[in-house]
Amino acid sequence: VYFLASVSMAVPALCFNYAGTGDDSCFTSIVVSFMVIEFCVGLFMPVAGTLRSKYVPDALQGAILNIFRLPLNAIVVGGTYATDVLEPAHVFVLVSACFMGASLIQVSMLFTKTKTKTA
């Protein structure tokens with residue numbers, strides 16, 4: 001999910017870098033890439049629920065999820081600030097890099113061994 005989101009966010013970055021911000025030649029590609037992002041957002045909740053049930057103990061879910069809200073909100077504030085300071089192409093590259101980082105972390109979780117619960 002994150003890899004697909006990363007690739008689709010790279011499309012507007014490439015279009016803005018090579019076509020310029022005033023050019024309409026990439027409009028269709030950008031709209032399709034945003035639709036792919038919306039598809040990925042729709043897939044996120046089931047994937048996150050599956051990973052949460054696999055890696056986070058039920059008794060600690062509330063506490064752990066609240067701990068991760070602070071860094072998430074910091075990333076959102078930083079991204080919102082970046083839209084005021086950076087060019088749109090650079091913001092899309094930044095978002096694509098964040099999605100790629102999340103993708104790499106998600107793939108690394110595939111190769112970690114989970115402890116099996118014994119009764």
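Me: In this predicted model, what share of the contacts in the protein with a separation of 6 or more comes from residues 24 or more positions apart?
Reply: The model is a predicted one. Contacts here are heavy atoms within 4.5 Å. Among those contacts with a separation of 6 or more, residues 24 or more positions apart account for 72%.

Me: What percentage of the residues of the protein count as buried?
Reply: A residue counts as buried when its relative accessible area is under 20%. The protein has 119 residues, and the share of them that counts as buried is 18%.

Me: Which helix gives the most to the lining of the largest pocket?
Reply: The largest pocket has a volume of about 1,600 Å³. Its lining has 35 residues, and those closest to its centre are Y2, F44, F68, L72 and A102. Helices α1 (2–19), α2 (27–55), α3 (61–67), α4 (69–85) and α5 (88–110) each supply at least two residues of the lining. With ten residues, the helix that gives the most is α2.

Me: How many residues in the lining of the largest pocket are nonpolar?
Reply: By class, the lining has two charged and four polar residues. The nonpolar residues in the lining number 29.

Me: Which residues does A13 touch, not counting residues up to four places away in sequence?
Reply: Not counting residues up to four places away in sequence, A13 touches A89, F92 and V93.

Me: Is C40 buried or exposed?
Reply: C40 is found in helix α2. Leaving aside neighbours within four places in sequence, C40 is in contact with V1, L4 and A5. Because its relative accessible area is 5%, and the limit for this class is under 20%, C40 is buried.

Me: What distance separates the C-alpha atoms of C40 and S6?
Reply: Along the chain, C40 and S6 are 34 residues apart. In the model, the separation of their C-alpha atoms is 10.0 Å.

Me: Why does S33 count as buried?
Reply: The place of S33 is in helix α2. Leaving aside neighbours within four places in sequence, S33 is in contact with S8, V11 and P12. Buried means under 20% relative accessible area. S33 counts as buried because its relative accessibility is 4%.

Me: With which residues is S103 in contact, leaving aside its neighbours within four places in sequence?
Reply: S103 is found in helix α5. S103 is buried, with a relative accessible area of 7%. Leaving aside its neighbours within four places in sequence, S103 is in contact with Y2 and F3.

Definitions and conventions. Residues numbered from 1 in each chain as written. Predicted model: local features only at pLDDT ≥ 70, side-chain atom pairs only at ≥ 80, totals over all residues. Heavy atoms only, no water. 1 Å grid on protein atoms, 1.4 Å probe; cavity = no way out; pocket = protein on both sides within 12 Å on 5 of 7 lines; lining within 4 Å. Points joined across faces, edges and corners; volume = space filled by probe spheres on them. Helix = DSSP H or I, 4+ residues; strand = E, 2+ residues; numbered from the N terminus. Nonpolar A, V, L, I, M, F, W, Y, C, P; charged D, E, K, R; others polar. Buried < 20%, exposed > 50% of the residue type's maximum accessible area, 1.4 Å probe, protein only.
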